[in-house]
Amino acid sequence: MHGRDLPDQLTAFLARHEREFVEFRRDLHMHPELAFAEHRTTQRLVERLRRAGLAPKVLPRGTGLICDIGSSDGPTVALRADLDALPLTDEKDVPYRSTVPGAAHACGHDVHTTVVLAAGLFLAQQARAGALPGRVRLLFQPAEEMPGGAREVISAGGIDGVDRIFALHCDPRLLCGQVGLRVGPITAACDQLMVRLSGAGGHTARPHLTTDLVYALGKVVTELPAALSRRVDPRAGFSLVWGRISAGSAPNAIPDDGVAEGTVRCLDDDAWHAAPDIIKELVESVVAGYGATADLDYRRGVPPTVNEASSVRMLRAACAQTLGPESVASTPQSLGGEDFAWYLEHVPGAMARLGTHSPTSSSPMLDLHQGTFDVDESAICVGVQLMAASALTALWEGARPGSDSTVEDAALA
């Protein structure tokens with residue numbers, strides 16, 4: 001099964017089922033559900049997996065599920081998909097436009113879900129034929145956009161016993177048929193912070209009798225990013241950007257409190273772990289000279305998604321075997337967040353970018369998180385081939401962490 005027969009087996013399977021998978025994706029697209037409300041989506045998956053003779057287990061909160069395929073005697077490889085939609089209006093004029101006001105699959109999660117379902121059905125077919133050298137675990141995760149769903153899966157035992165994990169994400173900047181790969185950080189950590197300053201207010205004619213909160217807040221806003229650039233390795237891709245500043249209500253009154261809120265993004269895991277303590281120290285240092293009291297509320301989002309080299313090599317091998325070596329494209333780093341990173345804190349693995357822009361389209365490339373977002377649906381079959389072949393490649397190679405990376409791995413970085 002693993003070798004020359006795999007492309008033919010996948011081609012025959014997709015020829016029989018491609019229409020079903022396109023319709024499944026369109027059904028999800030028409031009925032988007034927000035984070036931790038993916039009840040209908042979960043039920044559709046449960047029904048289809050049970051029809052294939054599998055035994056999916058719904059997560060404790062009632063949305064998302066885990067489904068094992070094959071024997072636990074060998075290694076275990078996980079394939080992850082995310083289920084939730086975004087809280088925005090679908091602006092497309094297509095027959096499968098969202099029927100839910102204010103909700104839309106504008107990030108491709110309907111495609112991810114369909115791809116992992118279809119790959120699972122193919123792998124279940126191989127398991128019945130005795131051609132699966134281990135176990136594949138399908139993880140259908142709720143609430144990626146919040147985020148929080150990955151931790152829900154982990155706490156439910158979803159990665160217990162898993163040796164390696166793969167995922168993909170739609171990329172409208174790549175042509176359909178292309179797969180974007182990268183060793184190392186592919187998406188960033190994304191945290192939020194709020195700095196609240198307090199002190200004695202007063203009249204603007206007598207700033208020396210006050211704690212000049214507006215001036216002190218301005219110093220925080222300008223000096224904190226500059227100071228961070230000297231405290232964090234520049235290779236970490238560390239970025240602090242303010243999105244909201246609020247202080248006072250009258251031009252001649254110095255307020256007694258003020259707030260600045262922003263985001264911290266980072267591509268380096270060590271820098272991400274160190275960020276809260278460094279920022280707290282710098283904020284206190286900046287405001288000390290002005291007599292203000294600083295309160296820092298630092299809210300963790302997700303870690304950086306750091307693709308492990310051996311896992312990327314397996315993805316590349318799967319592409320070469322089923323899609324052709326020309327399908328592989330280098331993909332840039334993104335400062336967007338992705339909670340697939342939580343799995344990679346525990347298990348080696350990698351995320352690939354799935355090209356979704358039609359090669360024959362004359363329209364501009366669409367962007368994610370927009371009401372106009374859509375995909376070339378032939379990307380579904382590309383994704384199925386990638387995920388199924390990657391799982392088999394990892395199983396046949398033992399799916400054990402600690403494999404030596406190759407020169408090829410470095411070339412993808």
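Predicted model: local features only at pLDDT ≥ 70, side-chain atom pairs only at ≥ 80, totals over all residues.
**Helix H9 and its neighbours**

The crossing of helices H3 and H9 is right-handed.

For helix H3 (residues 109-128) and H9, the axes come within 8 Å and cross at roughly 50 degrees.

H3 brings Val-111, Thr-114, Val-115, Ala-118, Ala-119, Phe-122 and Leu-123, while H9 answers with Ile-380, Gly-383, Val-384, Met-387, Ala-388, Ala-391 and Leu-392. Sorted by class, this contact holds 12 nonpolar and two polar residues, with no charged ones.

H9 has another partner. Helix H7 (residues 309-322) packs against H9 (residues 379-396) at an angle of about 120 degrees, and their axes are 8 Å apart. That angle makes H7 oblique to H9. The crossing of H7 and H9 is right-handed. On the H7 side you can find Met-314, Leu-315, Ala-317, Ala-318, Cys-319, Gln-321 and Thr-322, and they meet Gln-385, Leu-386, Met-387, Ala-389, Ser-390, Thr-393 and Ala-394 of H9. By class, the contact of H7 with H9 has nine nonpolar residues, five polar ones and no charged ones.

Ala-391 is found in H9, and it counts as buried because its relative accessibility is 0%, where the cut-off for buried is under 20%. Leaving aside residues up to four places away in sequence, Ala-391 touches Val-77, Leu-79, Leu-123 and Val-136. Ala-391 and Ala-129 are 262 residues apart along the chain, yet their C-alpha atoms are separated by 16 Å.

Next, a few backbone angles deserve a look. Most residues other than glycine have a negative phi. Just after H9, Gly-398 takes a positive phi of about 105 degrees. His-369 also has a positive phi, near 60 degrees, and this residue is not a glycine. You will find His-369 in the loop between strand S16 (349-357) and H9, and at 36% relative accessibility it counts as partly exposed. Ala-143, again not a glycine, has a positive phi of about 55 degrees. Ala-143 sits in the loop between strand S4 (135-141) and helix H4 (149-155), and with 0% relative accessibility this residue counts as buried.

Our last stop is a strand. Gly-184 lies in strand S7 (residues 184-187) and is buried, with a relative accessible area of 11%. Not counting residues up to four places away in sequence, Gly-184 touches Thr-305, Val-306 and Asn-307. Gly-184 and Glu-38 are 146 residues apart in sequence, and 31 Å lies between their C-alpha atoms.

Conventions. Residues numbered from 1 in each chain as written. Heavy atoms only, no water. Axes fitted to C-alpha atoms, helices over the stretch in contact; angles between N-to-C directions. Helix = DSSP H or I, 4+ residues; strand = E, 2+ residues; numbered from the N terminus. Parallel < 35°, antiparallel > 145°, perpendicular 65-115°, else oblique. Left-handed = near helix turned anticlockwise from the far one by under 90°. Contact = heavy atoms within 4.5 Å. Nonpolar A, V, L, I, M, F, W, Y, C, P; charged D, E, K, R; others polar. Buried < 20%, exposed > 50% of the residue type's maximum accessible area, 1.4 Å probe, protein only.
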